Amino acid sequence: MSIRPIYLDSHATTPVDERVLAAMLPYFTQHFGNPSSNSHVYGWEAEAAVKQTRKILAEAINATPEEIVFTSGATEANNLAIKGVAEAYYQKGQHIITVATEHSAVIDPCNYLKTLGFEITILQVEKDGIINLNQLEKALRSDTILVSVMAANNEIGVLQPLAEIGELCRSQEIIFHTDAAQAIAKIPLDVQAMKIDLMSLTAHKVYGPKGIGALYVRRRNPRVQLAPQQHGGGHERGMRSGTLYTPQIVGFGKAVEIGLEEQKRESDRLTQLRDILWKQLSQLPGIHLNGHPTQRLPGNLNISVEKVDGSALLLGLQPVMAVSSGSACSSATTAPSHVLTALGHSEQLAYASVRFGIGRFNTQEEIDRVAEHFISTVQSLRKQATFV
Ligand SMILES: Cc1ncc(COP(=O)(O)O)c(C=O)c1O
Ligand code: FES
């Protein structure tokens, strides 16, 4: 087998942990029942497994199992949260607030609602990628029905001040949604302490399978109403119809369980690897760290490099490392990342940017090899450029 590049794109997705796969396998064949079948043991087994994941997810965020609604991922959870609130609270108001650096799975549903007559306020961020709470407070209005601010950014890893945002929203009785796709099991999350009403989750960024996620929907103090966006058999208490995908749900639960058990150790290790990588790369002149230096995900490093062409840089890195210059879904477009331009970078600098997502299976040796190749690639590109 040919040597494959070192995988450093953990924000796009992560491999399924072997322990997760082992937990899932029996649910494809032996325990294949439909969790909604309540007249026989096949259904009961599947239902018990689904219940177990609900419990794990609920405990992970300090919610109750009845507040977890399974979806196909965070994209669907975001759509259900945003469009579901818009439809259910239409009489109360039609104003929604979100942030310029959100994932397209939040921005696009908001843009869609705009075509239906909703008013969307898009908050800008500070140079470090964090929102300004005074600006948020000023943007809140009596007809604001929803504030959607992500927990951890998928490009620059920046963590938003969830507890402060929750406090502001709760004091004015406005629903607070957070997209925690990149955050679950990586940083502490607590829907009570942070006063979060809706939270989107996904399994495939924490070594679980793709195609499974969940939306936390607050049931008490206050109870959040949601208009379903998919109608059918009335699964998930009517909020999301469709037969539950038991093996994926089992994998989701196992992945989060492992993530929580290993959170502290893993986060220390990834922070250390990330800092070592930055220490080596920052020896290059004209290199910038994007996003807040410490308020960020442990495994995230996002940098911009001066005086090199972005696509030439990625091409030069490709044989040794699998990295990206932005989010996975937008890696096919040549436009500069909307997240980096929101930080106030010039378009040219935003182009020559690299996102490193260090994960559970990366080693110190890999990081050293990556740093070495990165530095020599930049140096040789710069040398070539001087002869053009
Ligand atoms: C912040 C954020 N939100 C939403 C998503 C979409 O999640 P999913 O792939 O589960 O639909 C992603 C994945 O890239 C993400 O990083
Ligand atoms: S998978 Fe993250 S941007 Fe699409």
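**View 1. Strands E3 and E5 side by side.** Let's start where strand E3 (residues 95-99) meets strand E5 (residues 144-148): the two run parallel and are joined by three bridges. Ile96 stands opposite Leu146 in E5. Strands here are DSSP runs (E, at least two residues) and helices are runs of H or I with at least four, numbered from the N terminus; two strands pair if DSSP finds at least two bridges between them. This is a predicted model, in which local features need pLDDT of at least 70, side-chain atom pairs count only at pLDDT 80 or more, and totals for chains, interfaces and linings use all residues. Residues are numbered from 1 along each chain as its sequence is written, while chains are lettered from A and ligands numbered from 1 in the order in which they are written.

**View 2. The seven-stranded open sheet.** Its order is E2-E8-E7-E6-E5-E3-E4, with mixed pairing. Strands E2 (68-71) and E4 (119-123) stand at the edges with a single partner strand each, so one side of each has no neighbour in the sheet.

**View 3. The three-stranded open sheet.** Here the order is E9-E10-E12, and the pairing is antiparallel. Five bridges join strand E10 (residues 300-305) to E12, and the bridge partner of Asn302 in E12 is Arg355.

**View 4. Around ligand 1.** Ligand 1 is surrounded by 13 residues, the closest being Gly73, Ala74, Thr75, Asn154 and Thr202; a residue is near if its C-beta atom, placed from the backbone, lies within 6 Å.
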